[in-house]
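Subject: Structure handover

Hello,

Here is the structure for your own work. Please look it over before reading the notes under it.

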Amino acid sequence: MKFAKYLLIFMLFIMSGCSTESKEITVSAAASLTDALNEVIEVYEKDHPNVEIHVNLGGSGTLSQQIIQGAPVDLFFSASLEMFNRVVEEGMIDKEDAIPLLSNQLVWIQSKDQAIVESIEEMNKIAIGTPETVPAGAYAQQALTSQKLYDQVKDKLVFTKDVRQVLQYVESENVNAGIVYKTDALQSEKVMVNEELSIGEHDAIIYPVGIINNSKEKDTTNSFLTFLQSNEAIKIFKEYGFNEIDGDIDGSIFSTN
C-alpha cells in the first residue's frame, strides 16, 4: 500500500511538472517602449511564472531588418507603421492580425541645467534618431521639413542609433537639444520639454504589434499579446505617457491619411 501511495504521489508530481512546462518567447520592441514594456512584462511573468519573456530593444527599422533576415522573434512591437509593414509585406506577419495599440507624440528636449532656447539659430548641435532606421528620427525629419527648417539645420544634426541615445546625448549636454517622444522625456529627471520651439507636422505616431508567423510558441505569444491589450497593461502604458488606440486608423493601420 505504501508503495502504491508513493507511486501515486510521484506520478502526480510528474504530471504537475508537465503542466507547468517552462516557455520562452522573444519580443522585438522599439526602444521608446523600454520602461513601460519592462513593467508590463514583469506583471505578466508574475501571473505566468512558467513564462520567460526576452526583449530585444532597438530602432524599429533595425528590428524589422533582423526579423526579415530570420532572427528568432515571436512578437514585433514597432514604433513605425512603415517599418512594421516591411515585415508584413515579407509575409512574416498577417496584415489582418496586426494591432494598432498605442500612439505617442514628439517633443523638443534640452538639459534642465541650460537656459530655455527660444530659437534653433541659438543651437550648435541637435540630436535626432537616424531617419532611415529610427522612426522618431523620421518623424523629426518630417517635422523639421514641414517648417522648412531641415536644410537649415542639417549641418547641426547628430544622428543616433535609437531615440534613447538622443535622450542620453541631451542629458550629458553633448548636444544643445534633441527631438524625442514625449514618453522618453517623461522618464528623465535631467531633461525638460522645450515648448518654445515648434514641432511641425509629421505622420501619426502609431505603435503596431503582431505575432511573427513562424513563431514556435504561438500559444504563449498570443497569451502575452492578449495581455498587452488588457486594461491592466494599457493602464501601465498610459502612466508612461502613451495613448491607447481604440480600433483601426481609417480602416487600416497602414493608412494614416
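Predicted model: local features only at pLDDT ≥ 70, side-chain atom pairs only at ≥ 80, totals over all residues.

Thr-160

Thr-160 sits in strand 7, which spans residues 157-160. The residue is buried, because its relative accessible area is 1% and the cut-off for buried is under 20%. Leaving out residues up to four places away in sequence, Thr-160 touches Ile-128, Gly-129, Thr-130, Val-134, Gln-165, Val-166 and Tyr-169.

Aromatic pairs

Searching the whole structure gives 8 aromatic pairs. One of them joins Tyr-44 and Phe-224, with ring centres 5.2 Å apart and planes at 75 degrees, so this pair counts as edge-to-face. Tyr-44 belongs to helix 2 (residues 34-47) and Phe-224 to helix 9 (residues 218-228), so the pair ties together parts of the chain that are 180 residues apart in sequence. Both Tyr-44 and Phe-224 are buried.

Tyr-44 also pairs with Phe-227; here the centres are 5.5 Å apart and the angle between the planes is 50 degrees, which is a tilted arrangement. This pair, too, links distant parts of the chain, with Tyr-44 in helix 2 and Phe-227 in helix 9, 183 residues apart. Phe-227 is buried, as is Tyr-44.

Elsewhere in the list of rings, one aromatic cluster is formed by Phe-77, Tyr-139, Tyr-181, Tyr-207, Phe-237 and Phe-242.

Cavities

How many cavities of 30 Å³ or more does the structure hold? There are 2.

The largest cavity has about 50 Å³ of space. It is lined by 13 residues, and those closest to its centre are Ala-31, Gly-59, Val-134, Pro-135 and Val-163. By class, its lining consists of 8 nonpolar, 4 polar and 1 charged residues. Val-134 in this lining is also among the residues that Thr-160 touches.

The second largest cavity has about 30 Å³ of space. Its lining is made up of Ser-32, Leu-33, Asp-35, Ala-36, Arg-164, Thr-183, Gln-187, Tyr-240 and Phe-242. Of these residues, 4 are nonpolar, 3 polar and 2 charged.

Regards

Conventions: Residues numbered from 1 in each chain as written. Heavy atoms only, no water. Helix = DSSP H or I, 4+ residues; strand = E, 2+ residues; numbered from the N terminus. Buried < 20%, exposed > 50% of the residue type's maximum accessible area, 1.4 Å probe, protein only. Contact = heavy atoms within 4.5 Å. Phe/Tyr/Trp six-rings, centres within 6.5 Å; stacked < 30°, edge-to-face > 60°. 1 Å grid on protein atoms, 1.4 Å probe; cavity = no way out; pocket = protein on both sides within 12 Å on 5 of 7 lines; lining within 4 Å. Points joined across faces, edges and corners; volume = space filled by probe spheres on them. Nonpolar A, V, L, I, M, F, W, Y, C, P; charged D, E, K, R; others polar.
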